[in-house]
Amino acid sequence: MSDQVTYLSTRGGVEGWSFEDVLLAGLAPDGGLFVPDVWPMLSEADLEDLSTADFPDVCAAIVTRFAGDTFSPVEVRELTSAAYRSFQDPQVAPLRDLGDQLHLLELFWGPTFSFKDFALQLLGQMIDLVLSKRGERLTIVGATSGDTGSAAIAALADRKSVDVVILHPVGRVSEVQRRQMTTVDAANVHNIAIDGTFDDCQDLVKAMFADESFRAEMRLSAVNSINFGRIMAQVAYYVWAYLRLDRRPFSVAVPTGNFGNAYAAYVASAMGIPIESIIVGNNANHGVSRLITSGSLSIQDVVPTVAPAMDIAVPSNFERLLFDILGRDGQLLASTMADFRERGVLNIPAAEMAGVTSLFRSAWMADSAIEGYMGELYRTHGVIVDPHTAIGIAAARMRLDLANTPVVAVATAHPAKFADTVERATGVAPDTPAGLAGIADLPERYASLPADLATVEAHIRSATRSH
Ligand SMILES: *Cc1c(COP(=O)(O)O)cnc(C)c1O
């Protein structure tokens, strides 16, 4: 690649970083998020070349554009084929035509049955390769609202180059989600149940990164959706969906929590994929919807819902979109975020929002509407979806005239991960895939700690030292 993409922080503090550095650092040292300096474009010829490629090859084409010379072409191809080898569907991300212009992009065939595997399986491969070349070790810390944690653990368990520490909010993840994390018997995996919400867990992770001495001592890195490598991996399936639709323009429906998956659709659009609208759906925690419709966000308490992976008050990836909304002005973004932290209110002028709102639409719904819609989808289309997926499809129904354009709705989790809700909503128990059936009887391993930085840091120090 002649023109290497380099990375800068949304808060203006650093620029010119390589993909490799961004991959290992996760969060930028000034507290901002890394973004590429320019969007690499996919030309007509590039897309023509990819039209019969398999998923790992499509993904390799995306990685090549974002990773510069961090990996050789042969390495990229090996990384992507290794990352998606464990997926249970031969297509990796099958696109199912449900009729009425609605297409379901099934992103749940990875080892932990949510779309998080797409990014984390690839990140696990990439981080391990980079670290083993450098002869280094890292402690990877993440907060999870349910699915990131298990996907990170599945990707990193028993890898020599890392310890992985995952914080989850006690009682706020489903039993299946918890067991997927806590039953993994690997010495480098450390689960912590935090007495608090997902936002408390996310705040603790951010605070550990802000604690310079702890960060350096533990060689901290993050695989949360703040890692740009995750966004990159997720761009691949939007490009893939476009190719499977024979390159017709389409709209995307995405259930959103931390705004990572929706932002990846935005990146695909910035790279030249003709996405007409990105419809984002929220549950009762509807910060993203408020931002998109009104440009404002005030911090509110998180309420538990039937779509717990989206029970999030502050969508961390929105900062990346905000960076573009504010004309990529890092100083302005830094002061906006400082103001947000101080006053708990974010207000983006309507004129600045205009460009963005033309691409995005949003809707939110309460639990009763989510379950009602799951039942309706089953009766009308014979399809069983998990509650998160239902939110995206329902939002598309509410905000788009489906006659005009095909909609690719991302199915973010296998329905069996949320079996109770599925059964209540549809009257049918979802089939349990083999990989989920066995974990009910395995012993669990995790620490239970208060949402207190010093306590959590002390625990991580001793847990990572003891093996
Ligand atoms: C993480 C998750 C989401 C939300 O995705 P974001 O990228 O955080 O917006 C939606 N559905 C499921 C099943 C998830 O695990």
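Modeller: Happy to! Contact here means heavy atoms within 4.5 Å. This is a predicted model, with local features needing pLDDT of at least 70 and side-chain atom pairs pLDDT 80 or more, while totals for chains, interfaces and linings use all residues. Numbering starts from 1 along each chain as its sequence is written, and side-chain values use heavy atoms, leaving out hydrogens and water.

On the α16 side (residues 367-381), Glu 371, Met 374, Gly 375 and Tyr 378 meet Thr 421, Val 422, Arg 424, Ala 425 and Thr 426 of α18. By class, this contact has four nonpolar, three polar and two charged residues (Ala, Val, Leu, Ile, Met, Phe, Trp, Tyr, Cys and Pro count as nonpolar, Asp, Glu, Lys and Arg as charged, the others, Gly among them, as polar). The axes of α16 and α18 (residues 419-426) come within 8 Å and cross at roughly 65 degrees. The two helices are therefore roughly perpendicular to each other (65 to 115 degrees).

As for the sheet, it is open, with five strands paired in parallel in the order β8-β5-β6-β7-β15 (pairing takes at least two DSSP bridges). Its edge strands, β8 (220-222) and β15 (447-450), each pair on one side only. Strand β5 (residues 138-143) pairs with β8 over three bridges, and Val 141 has Ala 222 in β8 as its bridge partner. Helix α6 (residues 147-156) lies across β5, β6 (162-169) and β7 (189-195), running at about 165 degrees to β6.

Terms used. Helices (H or I, at least four residues) and strands (E, at least two) are DSSP runs, numbered from the N terminus. Axes are lines fitted to C-alpha atoms, for helices over the stretch in contact, and angles run from 0 to 180 degrees between N-to-C directions. Angles under 35 degrees count as roughly parallel, over 145 as roughly antiparallel, 65 to 115 as roughly perpendicular and the rest as oblique.
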